[in-house]
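Me: Hi! I'm new to this one, could you walk me through it?
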Amino acid sequence: HRLVESTRVGQKVRQRTLLHLAADFSIPRESWPALTNRKALERHLFDLDCAITLYDLTNTFFEGSGKRNDHAAFGRSKEKRYDCPLVTLGLVLDGSGFPRHSQVFAGNVNEPVTFKEMVEALADTEAHPLIVMDAGLATKANLAWLQERGCSYLTVHRRPAEAWEEERAQLVRQNGANEVRIYTQRNDATGEMELYCRSTRRAEKEAAIDTLFTQRFEAQMGALAAGLSKKGCIKRYDKVMQRIGRLQERYARVACEYDLHVEPGEKGTHATALTWTRTRHRAQAYAGVYCLRTNLLDWDAERLWRTYIMLTDVEAVFRSMKSELGMRPVYHQTTERVEAHLWITLLAYHLVHVIRTRLAKQGIHDSWETLRRRMRSHMRVTTTFRTDDGATLHIRKAARPEPWQQAIYTALELSSNPGGTCKTIVENGD
């Protein structure tokens, strides 16, 4: 978008393209002058909700030293590739899931630092949008800054759930065995509205994580204790305590539930025994409970919850761009080419989201990965025949689609036989 608009010729080409799209979608001609920019056209075609802004960051690694890339830096890789330099992509989506603004940052950038820069870059900040963000961006300074600008915010509370009142909760979603129940509560100390949510699927996930962490923690503690009586293993008291500290840090989720005791030897330099006892368990009453916070005091509980879960659209965007759209890894080295790589990936996502938006209007809400998997089996095939005069006849056409494939073609108003039927006759001797 930045490259196209950088020249006067590019602006004319862009406007002609938008007007052709307007004609294809049967938009009245008198409305064309107002649609000579991408944002206006998207809002007209897809009824975009620009009152809600979703913001998040992701990073991707690339091969090479990064010496010719101004954004290259080593940081916390979300793919655990700490051996490679990173670049960070900040993305702002509207309530319909379309990207409104993007920017490339250094690979070691701090999320709260980029927040103000990204929000100020929005073209329609005068509309005082609702900012939906995760806990990493919801610092005290950022929330105060949003309130000064007259913006509303909705974010998850970092603190663990301290209360759950089942009798006040209302059911907002039931999908098979999964149930989501919510209720609101005013926090007089902060003036915010707190939304308590409980998901049975989240409770099951937390229980599975606790079980896994408990097994790993006890297994490694057992190996450490067994090594006290084996040759070549850690026995020094200070080293044993250091190792225990690292395990407690790695498995902090469950390590706080154990009381540990290390028995020193006579001289105090070596440990002779290591024992542990689990004295408490995570409160099951709070399993699957999380809390949201907002300065919107006039919204009901269900509207707040359904707005917040839209933040998962940003995560889905990043997963899509990193997997099937090829954003990761980056093989370019210079700053301009790395930015172009990310920009082209974002353009590809625009196309993907246009398809998913049209399908959603017809009741098809599958992910892009599911759509690709379903359509993968529909292929064009070539059948070869031998004619009576010795010539060879090749007929190429698409196979008959399955019912669910035909439903996708119908929703997109596309032919189930793309490319039509091609007949080729090869005479004998050619």
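Reply: Happy to; below we chat about the cores, a sheet and the cysteines of this predicted model.

Me: Great. Which residues have the most contacts inside the largest nonpolar core?

Reply: Those are I182, L195, L292, W305 and M321, in a core of 43 residues. Helix α10, spanning residues 335-361, gives the most to this core, with 6 residues.

Me: And is there another core, and which residues are among its members? I mean, how many residues has it?
Reply: Another core lies apart from that one and has 14 residues, among them F217, M221, L228 and V262.

Me: Back to L292, what does it touch?
Reply: Leaving out residues up to four places away in sequence, L292 touches L154, T155, V156, H157, M193, E194, L195, C197 and Y308.

Me: Now the sheet. In what order do the 3 strands come?
Reply: The order is β12-β13-β14, in an open sheet with antiparallel pairing. On average, neighbouring strands of this sheet are turned by 15° against each other, ignoring direction.

Me: Which strands are at the edges?
Reply: β12 (380-386) and β14 (422-426) are the edge strands, and each pairs on one side only.

Me: How many bridges link β13 and β14?
Reply: β13, residues 392-398, pairs with β14 over 5 bridges, in the antiparallel sense. For H394, the bridge partner in β14 is T424.

Me: Last topic: how many disulfides does the structure hold?
Reply: The structure holds 0 disulfides.

How values were computed:
Residues are numbered from 1 along each chain as its sequence is written. This is a predicted model: local features need pLDDT of at least 70, side-chain atom pairs count only at pLDDT 80 or more; totals for chains, interfaces and linings use all residues. Side-chain values use heavy atoms; hydrogens and water are left out. A disulfide is a pair of cysteine sulfur atoms within 2.5 Å. A nonpolar core is a set of buried Ala, Val, Leu, Ile, Met, Phe, Trp, Tyr and Cys residues joined through side-chain atoms within 4.5 Å. Buried means under 20% relative accessible area, exposed over 50%, partly exposed in between (1.4 Å probe, protein chains only). Helices (H or I, at least four residues) and strands (E, at least two) are DSSP runs, numbered from the N terminus. Contact means heavy atoms within 4.5 Å. Two strands pair if DSSP finds at least two bridges between them. Axes are lines fitted to C-alpha atoms, for helices over the stretch in contact, and angles run from 0 to 180 degrees between N-to-C directions.
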